[in-house]
Amino acid sequence: MALNDLLLDDPSVATPAVRGIPTREDVLRIDDLHVSVHEGLATAVRGVSLRVGAGETVGLVGESGSGKTLTCRAALGLLPAGCRIDGGSVSFAGQDVTAASRRAWEAIHGSQVGAVFQDPASYLNPSLTVGAQLAEVLRVKGRLSRQQARRRALELFGDVGLHQPGRVFHQIPAELSGGMLQRAMVAIAISCGPRLLIADEATTALDVTIQAEVIDLLLDLRRRNGLAVMFVSHDLAVVAELCDRIYVFYAGQVVESGTVEEIVHRPRHPYTKALVRVASGGDFRRRHLEVIPGSPPQVGTYMAGCSFADRCRFALGPCCSGEVQSVVVGDQHEVRCARANDVELSEELLPV
Amino acid sequence: MTATAPAELRLDGGGAPPPLLEVESLEVVLGRGWRANKVLSGVNLKVNPGEIVGLVGETGSGKTTLARAVVGLVKPRRGRVLFDGAPISGLRRRALRAHRRQGGVQYVFQDPLRSLDPDLTVERIVGEGLAIRGDPPEEIRLRVVDALAQVGLDASLMSRDPGQISGGQRQRVSIARALATGPRLLICDEPVSALDASNRNHVLNLLSELRGSLNLPIIIISHDLGSLAAIADRVVVLYRGKIVEDGPIDKVFAAPRHPYTALLLASTPSVTESRSLRAHQLRLQEGEPVPLLGPGACVFAPRCPFALAETCSAQPPLTGVEPGWSNACSRHRDWPNLARGRS
């Protein structure tokens, strides 16, 4: 496979991680990550642990302010000003990058991890052709000659399903539609053969028909190149469509994680159950739309105990005192709920 | 291009009341000279009292332009817009302003954070239309409290500004602002696309309740077909400035007659696997032959895997298939079977 020829780093020669127990198959591993915002005044990510296996597609889902975007920013070494990692670790293929320098990140970006975001137009230079911007990456990071870079750029544009690569190469961002721009961004993100692509709300701004095409493209890249994808979205339906496993975020914590099947059809956490009920996907009948009463806590104003307790109709005394620990309820299924093993909760049926 | 006769086959059930809003062969061109772009052409639309109409289509299909033409923010080149039997598309400055001040048609914008003045309090925002209309201040205050109550917001929010309330509350404030003047038609342009799932459902339920309690007709522009199906009565599908399908939402979504409607439905992400057709069965695959069609051909033909040179070289008029349901596909009988046969 052409893309794999460009793989610069062999994970087996990576330096062993200091913290955590990295497995060779994990391309990304986050352990007990804490991220503070507003110059350390509030903690927005509170002990998130997750892993992305090689060639695996993993979804991060949650409402705005749940910490999913900060988690993925931390994993990219791109935390906004005023935010910093207060604890925990991030490692790529066994290599701890939590305290990596800017220079070290430069070596990681592109060759180990690529990223696409919600608004592709704002990440591209509006006055340079899309082709020149991709070729630049290939020349600087991939160390290709001008001619090789051009040839490779055309190949990559073809790989991401742009119909006339030769034409797109010479167009500036304003001449391309949103879907084409997002494809071009994917081409740039995968140009140096990363093993992981992080997509933060990458399809949110697109039309449904185009969104479906981009999802198909990501699935296709995984099949052809073994690319692992970490897909961040507020839309459970999109995540369910694309991913193998899902992490559900609430108030800066992962409240439930499991396979798509488990999260969508056998959710155990009351918040996940509520999220599945309010998700819009796939039902075209007239119906009363369910809502989750109350609103999520503001960053930094978390209660003792479970953060969802004030919105949860199953909350009991123990939910409101002391830290609620994650409970393993299945092979890959974990729930952070004090009543995770109560019969009353696990037997509540979902009207899906 | 000559305007084709509207081939409407809508049986309104004899003595039904006349539609509140009627759009007739509307054509809108934006830009001039070589930039001129025909955004809408030959659009016919009726909205009856108490009806929720969903307007769907992709970016650039003309949904927002149609909505803006209805409120008089865009001047049509051809055709008319009738509100309660009176043409409003031809109104000029003073008359148009008088029409707007009555507040009979209200518009709710997509992004409440950007459409609400950040320097005004909720009370001023909701009461602004009434103040412009010249209502006395004490009456305005009562109406504002009333409008906020209608959207389920507490009067204690009145002194806050838009930056101090949550996204869901903000969109409810925009709806309260629209309701304050006692509109007879509400147009919501992507009212929920900036909201989380729970808030989205809350706002949509609210719109559905308002239709019930006030018999208020609502046009909702949305790209979220699943949520629309929950509350709308009728769906109008736009593609490149033309209506390609218009009918009762439950019937249309159960068995769409236009391949574009089917593509939209199949592309909608789903938490359950319950689609009859998958998106790739309705998409033109790379390298698949496309018939060579000249200008004036069916607007969807360049993206349609079922287009034929013989049948699709002219834009089919919107034709009734059964009362209240029309579509603009000349192959509407053939394509569903062809689609099922595609891998």
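Reader: How many helices and strands does the secondary structure of chain B come to?
Author: This is a predicted model. The secondary structure of chain B comes to 13 helices and twelve strands.

Reader: What radius of gyration does chain B have, and what would a compact globule have?
Author: The C-alpha atoms of chain B fill a box of roughly 65 × 45 × 45 Å along the principal axes. Chain B has 343 residues, so a compact globule would have a radius of gyration near 20 Å. The value for chain B agrees with that: 21 Å.

Reader: What percentage of chain B counts as buried?
Author: A residue is buried if 20 or more other C-beta atoms lie within 10 Å of its own. Of the 343 residues of chain B, the buried share is 48%.

Reader: Which residues of helix H10 of chain B are buried?
Author: Helix H10 of chain B covers residues 259-267 and is mostly covered. Nine of its nine residues are buried. They are B:Pro259, B:Tyr260, B:Thr261, B:Ala262, B:Leu263, B:Leu264, B:Leu265, B:Ala266 and B:Ser267.

Reader: Which residue in S7(B) stands opposite B:Gln106?
Author: B:Gln106 belongs to strand S6 of chain B, residues 105-108, and both faces of this strand are covered. B:Val105 and B:Tyr107 are buried on one side, B:Gln106 and B:Val108 on the other. Four bridges join S6(B) to strand S7 of chain B, residues 185-189, and the two run parallel. Opposite B:Gln106 stands B:Leu186.

Reader: How is chain B divided into domains?
Author: Domain 1 takes in 17-97, 184-199 and 209-254. Domain 2 is 111-182. The remaining one, 256-269 + 277-340, is domain 3.

Reader: Which element gives the largest share of the side of domain 1 of chain B that touches domain 3 of chain B?
Author: The centres of these two domains are 22 Å apart, taken over C-alpha atoms. In the contact, 17 residues of domain 1 of chain B meet 17 residues of domain 3 of chain B. On the domain 1 side, helix H8, strand S9, strand S10 and helix H9 of chain B give two or more residues. The largest share, seven residues, comes from S10(B).

Reader: How many residues on that side of domain 1 of chain B are nonpolar, polar and charged?
Author: The side in question is the one that touches domain 3 of chain B. By class it has three polar, five charged and, for the nonpolar residues, nine.

Reader: Which helix supplies the largest share of the side of chain A that touches chain B?
Author: Here 36 residues of chain A are in contact with 30 residues of chain B. Helices H8, H9 and H11 of chain A each supply at least two residues of the chain A side. That side divides into 16 nonpolar, eleven polar and nine charged residues. The largest share, five residues, comes from H9(A).

Reader: Why does A:His38 count as exposed?
Author: A:His38 lies in the loop between strand S1 and strand S2 of chain A. A:His38 and A:Cys83 are 45 residues apart in sequence and 6.3 Å apart in space, C-alpha to C-alpha. A:His38 counts as exposed because its C-beta neighbours inside 10 Å number 12.

Reader: Where in chain A is confidence lowest?
Author: The mean pLDDT of chain A is 87, and 90% of its residues reach 70 or more. Confidence is highest in strand S3 of chain A, at 97. Over residues 1-23 of chain A the pLDDT is below 50. The lowest mean, 42, is in helix H1 of chain A, residues 2-5.

Terms used. Residues numbered from 1 in each chain as written. Chains lettered and ligands numbered in written order. Predicted model: local features only at pLDDT ≥ 70, side-chain atom pairs only at ≥ 80, totals over all residues. Domains from an automatic or database assignment. Contact = placed C-beta atoms within 7 Å. Nonpolar A, V, L, I, M, F, W, Y, C, P; charged D, E, K, R; others polar. Rg over C-alpha atoms; globule rule 2.2 N^0.38 Å. pLDDT = per-residue confidence, 0-100. Pairing = 2+ DSSP bridges.
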